[in-house]
Amino acid sequence: MIDIQHLSFGYRTQNEIFQDLTLQLGAGHIHGLLGKNGAGKTTLLKLISGTLFPYNGNVSTFGFTPAKRDPMMLQDIYFLPEDLFLPALSIQSYVKVYAPFYPHFDYTQFDSILQEFEIASKTQKIHTLSHGQKKKVQIAFSLAANTRLLIMDEPTNGLDIPAKSQFRRIVANAFTEERCIIISTHQVRDLHSLIDYITILDEHDIVMSHGVEEITKRLLFKWYDVGEAPVDALYTEESIKGVAAVLENHQQAESKLDIEILFNALFANKDKFKELFKK
Amino acid sequence: MNHFFSFYRIKQLAIRYLAERGRRDLIIIAAYFIAFAFLPRLGGGNPSDASTSSLFTLILILGGMRFTARIFHEIHQPASGMHFLHIPASRLEKFLLNGVLTLLFYPVVCLLLYYGGTLFGNLIAPVVPSFLNYPVIDVSSIIPAAYLKKMIPQYLICQATFFAGSLFFKKHPTTKTLILFTSFFLAVGVIQLIVIKFLWGDIDPMQNGAIVINSIDLFQAIESSSLLTGIKYISIAFVTAFFWFVAYFKFKEKQV
């Protein structure tokens, strides 16, 4: 669905964010795009959706060149940005104005998502809503648009605790094998159960891009009491709960991926992890 | 064809424009209506054809500059720019709609408001004591075809320049384009002075007067000669087309 080949990009030519980056993202997955602050997550999303143009290399989204902003491509992409822009319209007017641009927009689905988010009245002016409520309206619209590619930049920022679990449920329900959802986030705990493919960016390049199944096939995530973690662990992290350890999964044992620990482990020992996933 | 141009999408973009900016435009429309209805009759002077036409010129050109210079305002802000560029319509459709809004919608609405406002002024004049002296303005005669013919090229150049300005300047596009526009004509004036000085040396007041008379003659010559008029219109068309092309390529390359 998304094919990036040898991409180079920087806001200034001397300071490139990406150098020769190659990445493929397929349908049927909820991709988690992770990286430190300034790693280029939002920039990559903008390159995929066509609001930024690469210096070198190719980006292809459903076979289109995003920089051309072809309406056939745009009607199949919804970008939910971190900084929301919502015009001074009521919710129902917003839908009336923007839904016709998306041929697969489902009005019933939009209403039911709003209901689930406990937004009762569609006559409310969007700009008078709280930040969290605005986000809920945008999330509802983005999912009801039923685009093949849904890009969400920090979608859980500003959502209250119940809304975060509602969000997970709603996204899981709206997900189909034909869709590709990319979620860029720092709040990995909020989306832990949702993401099934992880892409981690660092220093101009992709450090890791694998499915959760593939990761847990190669890595074992285990908790130990303090002092009991094996010495050959790739990474250990102490907390009140004990010691979280990441080990090579020689025995193909089953474990539950902890994205936050994986992220920390990767940055503590990047070369080792790269080598491990090359095999 | 559907990839680049669809009347359906243009219609949707127009609906979006009216929904989001309609209320603001309505306030401006009301202000223009009131201005056309009352201003020509205020101050006790005769609301002559000339004064009404100059108010129309002022609103058409100055208001048009402001309206056109802000037409792409939203693409310069990161959040609204992202929002606008992601709307599923082609670059050509978005560009064309804004072009039509500034090139046709604004002047036509101005013209309608002018006639509407003046008629409304005529209608209420008998009941407003201060209007009793000059109650009726002949709407049909005050904007003759010749006046409109003169105004159209002026508006075309202004529209094209400020349209490009709205894409090039993130902040204060009206002022910045106006400064550039003025600077350009000042530069042309300075070049003319240099040429004159080079050709005739220092100029005394008598010579200066002669140059002014000559330039008046030149304007008259342009008006009366079909060749010179043709050159004038070709130059206007060239400048207008140039700014339209520049604006389109700037819009195509816009990144947020």
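Helices (H or I, at least four residues) and strands (E, at least two) are taken as DSSP runs and numbered from the N terminus. The structure is a predicted model, in which local features need pLDDT of at least 70 and side-chain atom pairs count only at pLDDT 80 or more, while totals for chains, interfaces and linings use all residues. Residues are numbered from 1 along each chain as its sequence is written, chains are lettered from A in the order in which they are written, and side-chain values use heavy atoms, with hydrogens and water left out.

Helix H4 of chain A spans residues 107-116, and its buried residues are A:Gln109, A:Phe110, A:Ile113 and A:Leu114; buried means under 20% relative accessible area, exposed over 50%, and partly exposed in between (1.4 Å probe, protein chains only). Seen down the axis of H4(A), these buried residues fall within an arc of 135°, so they line one face of the helix; the arc is that of the directions from the helix axis to the C-beta atoms. On the other side of H4(A), A:Thr108 and A:Gln115 are exposed. The cover over the buried residues includes helices H3 (91-98), H5 (131-144) and H6 (161-174) of chain A, where contact means heavy atoms within 4.5 Å. At the start of H4(A), a side-chain oxygen of A:Asp106 reaches to within 3.0 Å of the backbone nitrogen of A:Thr108. After H4(A) comes A:Glu118, with a positive phi near 60°.

A nonpolar core is a set of buried Ala, Val, Leu, Ile, Met, Phe, Trp, Tyr and Cys residues joined through side-chain atoms within 4.5 Å. The largest such core has 142 residues, and A:Leu44, A:Phe141, A:Ile182 and A:Leu219 have the most contacts inside it. Its largest share, ten residues, comes from helix H6 (residues 145-168) of chain B. A second, separate core of five residues includes A:Leu220, A:Tyr224, A:Ala233 and A:Ala245.

Over all chains, 35 aromatic pairs are found. Rings of Phe, Tyr and Trp (its six-membered ring) pair if their centres lie within 6.5 Å; planes under 30 degrees apart count as stacked, over 60 as edge-to-face and the rest as tilted. The rings of B:Phe36 and B:Tyr114 have centres 5.3 Å apart and planes at 85°, so this pair is edge-to-face. B:Phe36 lies in helix H1 (residues 7-38) of chain B and B:Tyr114 in helix H4 (residues 91-124) of chain B, so the pair ties together parts 78 residues apart in sequence. B:Phe36 is buried at 1% relative accessibility, and B:Tyr114 is buried at 0%.

Terms used. A polar contact is a pair of N or O atoms within 3.5 Å; within protein, one must be able to donate a hydrogen and the other to accept it, and residues adjacent in sequence count only if both atoms are side-chain atoms.
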